[in-house]
Amino acid sequence: MEPIQTIPADVAGRLGYYVYAYVNPLDGQIFYAGKGKGRRVLSHLGDRADTRKLATIKQIRAVGKQPLIEILAHGLRSADTAFQVEAAVIDALGPPFLTNQMRGWRKGTRFRIRHWLRRAISCSPSTPVIIR
């Protein structure tokens, strides 16, 4: 399959802000998640940086394939919304699968907190709640 070279302006306009994933066709795993607008999703295909993401793309290309690109969400209202969705995807998938260097939006904020509900319940007062 030939890589997508460009995104027509009308398609980019319909996408608006979006969140995307790069998928390794060799194992079906998402290896990178990002957010963007316009042609941003294609920028990684020409990347020259020395990153795990680029190393994965090179491994895929070495066997004559191209990374698959999936749009996970589109038509998002703002860049902030796209940042939040991207961060939630990164938190849900997390290392070691993703090659993202940054965790995403406000990297100190976690969207997925393992066992949060159990901890919150165990720390709450033991006074029974009466619902009428």
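## Basis of the model

The structure is a predicted model, in which local features need pLDDT of at least 70 and side-chain atom pairs count only at pLDDT 80 or more, while totals for chains, interfaces and linings use all residues. Residues are numbered from 1 along each chain as its sequence is written, and side-chain values use heavy atoms, with hydrogens and water left out.

## Overall fold

The chain has four helices and three strands. Helices (H or I, at least four residues) and strands (E, at least two) are DSSP runs, numbered from the N terminus. Read from the N terminus, the order of elements is α-β-β-α-β-α-α.

Of the 132 residues in the chain, 32% are buried. Buried means under 20% relative accessible area, exposed over 50%, and partly exposed in between, with a 1.4 Å probe and protein chains only. Contact means heavy atoms within 4.5 Å. Among contacts between residues at least 6 apart in sequence, 57% join residues at least 24 apart.

## The two cores

A nonpolar core is a set of buried Ala, Val, Leu, Ile, Met, Phe, Trp, Tyr and Cys residues joined through side-chain atoms within 4.5 Å. The largest one has 13 residues, and Y20, Y22, F31 and V41 touch the most other members. At least two residues of this core come from each of helix 1 (9-15), strand 1, strand 2 and helix 2. Strand 1 gives the most, with three residues. Another core, of eight residues, lies apart from this one; V19, A82, V89 and I90 are among its members.

## Aromatic rings

There are five aromatic pairs in the structure. Rings of Phe, Tyr and Trp (its six-membered ring) pair if their centres lie within 6.5 Å; planes under 30 degrees apart count as stacked, over 60 as edge-to-face and the rest as tilted. Y18 and Y20 make a tilted pair, with 5.9 Å centre to centre and 55 degrees between the planes. Y18 and Y20 are both buried.

Ring pairs join Y18, Y20, Y22, F31 and Y32 into a cluster. Leaving aside neighbours within four places in sequence, Y20 is in contact with residues including Y32, V41, H44, E70 and L72.

## H44 in its loop

H44 sits in the loop between strand 2 and helix 2 (52-62). H44 counts as buried because its relative accessibility is 2%. The side chain of H44 makes a polar contact with the side chain of Y20, at 2.6 Å. A polar contact is a pair of N or O atoms within 3.5 Å; within protein, one must be able to donate a hydrogen and the other to accept it, and residues adjacent in sequence count only if both atoms are side-chain atoms. Beyond its neighbours within four places in sequence, H44 is in contact with Y20, Y22, Y32, K53 and I57.

## Helix 2

The residues K53, L54, T56, I57 and I60 of helix 2 are buried. They lie on the same side of helix 2 because they cover an arc of only 160 degrees around the axis. The arc is that of the directions from the helix axis to the C-beta atoms. K58, Q59 and A62, on the other side of helix 2, are exposed.

Strand 1 and strand 2 are included in what covers the buried residues of helix 2. Just after this helix, G64 has a positive phi of about 80 degrees.

## Helix 3

Helix 3 (residues 79-93) has 15 residues and reaches 21 Å from its first C-alpha to its last, close to the 21 Å expected at 1.5 Å a residue. The expected span is 1.5 Å times one less than the number of residues. A82, E86, A87, V89, I90 and D91 are the buried residues of helix 3. These residues pack against strand 1 (17-23), strand 2 (30-36) and strand 3 (68-76). G94 follows helix 3 and has a positive phi, near 55 degrees.

I30 is in strand 2. Its C-alpha is 9.3 Å from that of E70, a residue 40 residues apart from I30 in sequence. Apart from neighbours within four places in sequence, I30 is in contact with A21, Y22, V23, L93, F97 and L98.

R14 belongs to helix 1 and counts as exposed, at 60% relative accessibility. The C-alpha atoms of R14 and G75 are separated by 7.0 Å, although these two residues are 61 residues apart along the chain.
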